[in-house]
Amino acid sequence: MIVKYLFVGGAAAFVDISLFAVFAKVLQYNYLIVGFSTFLIATAVNYHLSIRYVFESNIKHNRKKEIFLVYLVSGIGLVFNLTVLYLTIDLWNFEMMLGKLLASGSVFFWNYLMRKYFIF
């Protein structure tokens, strides 16, 4: 199951990182606002791919509660993500895309474990 989630998470991370690169790096919008926005989009991609390929939907919770829980768990992940972005880019002066990669990677296992044991 984690191998399937690796592909799903990878697809969502690709969406997140690609959009981040365009809007923060190329168009030079504020990276924290862009990070917030792209994370929300990637969460939607992750949810839809997860219920199609990895987890069974509507088993523990009805669809509305399931989506709410996904965004709740992802909201906590978002705090981790934005914290790592801020630390790596503003405080430690990492290159922006390296900071984004580290931020995205930092929430992978959190998202997987919470979805597997808490949501689905």
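I began with Tyr47 and Phe120 and found that both are buried, where buried means under 20% relative accessible area with a 1.4 Å probe and protein chains only. I note that this is a predicted model in which local features need pLDDT of at least 70 and side-chain atom pairs count only at pLDDT 80 or more, while totals for chains, interfaces and linings use all residues. Residues are numbered from 1 along each chain as its sequence is written, and side-chain values use heavy atoms, without hydrogens and water.

I then looked up the ring pairs, and the search of the whole structure gave ten aromatic pairs (ring centres within 6.5 Å; planes under 30 degrees apart are stacked, over 60 edge-to-face, the rest tilted). Tyr47 lies in helix α2 (residues 31-53) and Phe120 in the segment after α5, 73 residues apart. Phe55 and Phe120 are also a stacked pair, at 4.8 Å centre to centre and 5° between the planes.

Next I turned to helices α1 (residues 2-26) and α4 (residues 96-106), which pack at about 150° with axes 11 Å apart; helices here are DSSP runs of H or I, at least four residues, numbered from the N terminus, and axes are lines fitted to C-alpha atoms over the stretch in contact, with angles from 0 to 180 degrees between N-to-C directions. In α1 I looked at Ile17, which at 18% relative accessibility counts as buried. Beyond its neighbours within four places in sequence, Ile17 is in contact (heavy atoms within 4.5 Å) with Met97, Lys100, Leu101 and Ser104.

Terms used:
Helix = DSSP H or I, 4+ residues; strand = E, 2+ residues; numbered from the N terminus. Buried < 20%, exposed > 50% of the residue type's maximum accessible area, 1.4 Å probe, protein only. Phe/Tyr/Trp six-rings, centres within 6.5 Å; stacked < 30°, edge-to-face > 60°.
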